[in-house]
Amino acid sequence: MDALIFDIETGPEDEEVLSAMEPEFSAPANFKDPAKIAEKIAVQRSSWREKAALCATTGRVLAIGMMLDDEVDLLVVDSEQGFSEVDLLTAFWQIAAPDGIWRHLVGFNSNRFDIPFLIRRSYKLGVRVPFGALNGRYLNARFIDLMESWKLGDFQSSISLDRLAKHLGVGAKNGNGAHFAALLQEDRAAALDYLRNDIAMTVAVARKLGVVAPLKKELAY
């Protein structure tokens, strides 16, 4: 199988974009105390902003980790080097579908989050998505979601990558993806180490589930 195993990391959009997208918050009608009203609205605003990175309208792609032909590669937005989200998305699609031929894209919860997020951000930024990503209203059959592989048709079942990797004995998280954007700013090396670990877990889970063949050599960091 010509498999590209991948994982994305996202972060919130710039403050200007978030401010324009922010909904109008309000307290319940039975709230009368101005201080309690203000506190309720502040909690709502904080909760909304904490989730901004999880939606393509309020978040953006900051990094993509990949494993192809037993080699790990990281695409990471870098303003100092002039590597933007547009550059990142463009590079990823070229790797995912060279000459318009789709590889098998293997991720965890990728058909529900990663792929839709990447496509929606590409729509937003004018990046061309290779033809065939969609088959009618469904995603391309070459997009393999390891969570779906684990569910085995039990659609009520759900599990995190961390829990599944621990259960299978192939690793564990070394951080929290919700903090990736801040970590990338504060400690880039630690952020990239987190992404590499996520890729290593995803690869190991894919091997355990029999989705991809065993690696020819151990992943090198």
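**View 1. Asn109 is a partly exposed residue in a predicted model.** Its relative accessible area is 23%, and partly exposed covers the range between buried (under 20%) and exposed (over 50%), using a 1.4 Å probe and protein chains only. Asn109 sits in the loop that joins strand 4 (104–107) to helix 4 (110–125). Here helices (H or I, at least four residues) and strands (E, at least two) are DSSP runs, numbered from the N terminus. Although Asn109 is not a glycine, its phi is positive, near 60 degrees.

In this model, local features need pLDDT of at least 70 and side-chain atom pairs count only at pLDDT 80 or more, while totals for chains, interfaces and linings use all residues. Residues are numbered from 1 along each chain as its sequence is written, and side-chain values use heavy atoms, with hydrogens and water left out.

**View 2. Asp69 lies in the loop between strand 2 (59–68) and strand 3 (71–76).** Take a look at its backbone: phi is positive, about 55 degrees, in a residue that is not a glycine. Asp69 counts as exposed because its relative accessibility is 60%.

**View 3. Leu184 belongs to helix 7 (residues 180–186).** Leu184 counts as buried because its relative accessibility is 9%. Leaving aside residues up to four places away in sequence, Leu184 touches Leu62, Val76 and Ala191; contact means heavy atoms within 4.5 Å.

**View 4. Helix 8 spans residues 188–208.** Just after helix 8, Gly210 has a positive phi of about 75 degrees.

Technical notes: Expected span 1.5 Å × (residues − 1).
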